[in-house]
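Open the model in your viewer and keep the sequence panel beside it. The stops below say what to select and what is there.

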Amino acid sequence: MQKASVAYMQTQITTTNQGELLLMLYAGAINFLVRALEEIEKKNYAEKGMLISKAMDIIAELDGSLNMEKGGELSKNLHQLYMFCNSHLLKASIKMNAKFVDD
């Protein structure tokens, strides 16, 4: 079953346009963060850390995909937003504080 699910996801990613892929990445990051909030509440440090790391990886990938030349002011603003998000998520992970995830 695991192989079928991975194959489905790979097919979905390779046949999706850029806008839909962007939405999938945002949805994935949000999903990881919702789950991280649950783990913070349970004081499950290891799982919380893994989930926040996965969200941060997605955010770093989004940041790395920005085209600063063509994107102009929008790319600069998104870069600042992504840096803010990753900074707060790092604080959330270290301090076990859900407020930083909510921010």
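Start by selecting Asn17 and Gly19. Asn17 caps the N-terminal end of helix α2, with a side-chain oxygen 3.0 Å from the backbone nitrogen of Gly19. This is a predicted model, so the distance is computed from predicted atoms.

Next, select residues 18-42, which make up helix α2. The helix has 25 residues and reaches 36 Å from its first C-alpha to its last, close to the 36 Å expected at 1.5 Å a residue. Past its end comes Lys43, whose phi is positive, near 60°.

Stay with α2 and colour its buried residues. Which ones are they? They are Gly28, Ala29, Phe32, Leu33, Ala36, Glu39 and Ile40. While looking at their spacing, keep one rule in mind: an α-helix has 3.6 residues a turn, so residues three or four places apart point the same way. Now show what surrounds the buried residues of α2: they pack against α3 (45-64), α4 and α5 (98-102).

Move on to helix α4, residues 68-95, and select Asn86 within it. Is Asn86 buried or exposed? Its relative accessible area is 13%, and buried means under 20%, so Asn86 counts as buried.

Then go to helix α3 and pick Met50. Met50 has a relative accessibility of 44% and counts as partly exposed, because that value falls between the 20% limit for buried and the 50% limit for exposed. Draw a distance from the C-alpha of Met50 to the C-alpha of Ser93. The two residues are 43 apart in sequence, and the line between these atoms spans 9.4 Å.

Finally, clear the selection and show the whole protein chain. How many helices and strands does it have? There are five helices and zero strands, and reading along the sequence gives the pattern α-α-α-α-α. Of the 103 residues, 26% count as buried. For a last view, turn to the contacts within the chain. Among those with a separation of 6 or more, 49% are between residues 24 or more positions apart.

Definitions and conventions: Residues are numbered from 1 along each chain as its sequence is written. This is a predicted model: local features need pLDDT of at least 70, side-chain atom pairs count only at pLDDT 80 or more; totals for chains, interfaces and linings use all residues. Side-chain values use heavy atoms; hydrogens and water are left out. Helices (H or I, at least four residues) and strands (E, at least two) are DSSP runs, numbered from the N terminus. Buried means under 20% relative accessible area, exposed over 50%, partly exposed in between (1.4 Å probe, protein chains only). Contact means heavy atoms within 4.5 Å. The expected span of a helix is 1.5 Å times one less than its number of residues. A polar contact is a pair of N or O atoms within 3.5 Å; within protein, one must be able to donate a hydrogen and the other to accept it, and residues adjacent in sequence count only if both atoms are side-chain atoms.
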